[in-house]
Amino acid sequence: MNPRHAAALALVGWYLMVPPHPTATTLDSDAPLSKWRVYEVFDTAVTCNTAQASEEQDWKSKADADANNAVTKFLVKSWLASQCIAADDPRLTGK
């Protein structure tokens, strides 16, 4: 890998994205990435994936603690569908 290519890779940010939710109880995880919401921005894929796993575990714990809470269950589904996407991913442009 040449230094210029390595520098370009280092400049790419990462988005932790969640799918759109057309209603308060439905997710559209099949929607194009250009329609997804950026939850948080990270410098590396590793930090993005770590944050994603942490959020998912936190919501699963909350759901286990309150098994009858529909909102919490919905948020767990949202995190299970979340993705870490490179900021320069062409799917984000919607073209």
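Mentor: Let's begin with Q52, which is buried, with a relative accessible area of 14%.

Trainee: What makes Q52 buried?

Mentor: Buried means under 20% relative accessible area, exposed over 50%, and partly exposed in between (1.4 Å probe, protein chains only). Q52 has 14%, so the residue falls under the 20% limit and is called buried. A word on the source: this is a predicted model, in which local features need pLDDT of at least 70, side-chain atom pairs count only at pLDDT 80 or more, and totals for chains, interfaces and linings use all residues. Residues are numbered from 1 along each chain as its sequence is written, and side-chain values use heavy atoms, leaving out hydrogens and water.

Trainee: Where is Q52 found, and what does Q52 touch?

Mentor: Q52 is found in helix α2. Leaving aside residues up to four places away in sequence, Q52 touches L16, W79, S82, Q83 and C84. Touching here is contact, meaning heavy atoms within 4.5 Å.

Trainee: T50 lies in helix α2 too. Why is T50 called exposed?

Mentor: The relative accessible area of T50 is 51%, which is over the 50% limit, so T50 is exposed. T50 and C84 are 34 residues apart in sequence, and their C-alpha atoms are 9.9 Å apart in space.

Trainee: What about P20: which class does P20 count in?

Mentor: P20 has 21% relative accessibility, which lies between the 20% and 50% limits, so P20 counts as partly exposed. P20 is found in the loop between β1 and β2 (37–42). Its contacts, not counting residues up to four places away in sequence, are T26, L27, D28, A31, K35 and W36. With A31, the separation is 11 residues in sequence and 7.4 Å in space, C-alpha to C-alpha.

Trainee: And what makes G13 buried?

Mentor: Its relative accessible area is 16%, under the 20% limit, so G13 is buried. G13 lies in the loop between α1 (3–11) and β1 (14–18). Not counting residues up to four places away in sequence, G13 touches F42, D43, I85, A86 and A87. G13 and V41 are 28 residues apart in sequence and 7.0 Å apart in space, C-alpha to C-alpha.

Trainee: Now the helices. How do you know that α2 and α3 are roughly antiparallel?

Mentor: Two packed helices are described by the angle between their axes and the distance between the axes. The axes of α2 (residues 45–65) and α3 (residues 70–81) come within 9 Å and cross at roughly 155°. Angles under 35 degrees count as roughly parallel, over 145 as roughly antiparallel, 65 to 115 as roughly perpendicular and the rest as oblique. The angle of roughly 155° is over 145, and α2 and α3 are therefore roughly antiparallel to each other.

Trainee: Which residues of α2 and α3 meet?

Mentor: From α2 come Q52, E55, E56, W59, K60, K62 and A63, and from α3 come T72, L75, V76, W79 and L80. The residues of this contact divide into six nonpolar, two polar and four charged.

Trainee: What makes the link between the side chains of D89 and R91 a polar contact?

Mentor: A polar contact is a pair of N or O atoms within 3.5 Å; within protein, one must be able to donate a hydrogen and the other to accept it, and residues adjacent in sequence count only if both atoms are side-chain atoms. The side chains of D89 and R91 make such a contact at 2.8 Å, within the 3.5 Å limit. D89 sits in the segment after β3 (83–86).

Trainee: How many helices and strands are there in the protein chain?

Mentor: The protein chain has three helices and three strands, following the pattern α-β-β-α-α-β along the sequence. Of its 95 residues, 29% count as buried.

Note on methods: Axes fitted to C-alpha atoms, helices over the stretch in contact; angles between N-to-C directions. Helix = DSSP H or I, 4+ residues; strand = E, 2+ residues; numbered from the N terminus. Nonpolar A, V, L, I, M, F, W, Y, C, P; charged D, E, K, R; others polar.
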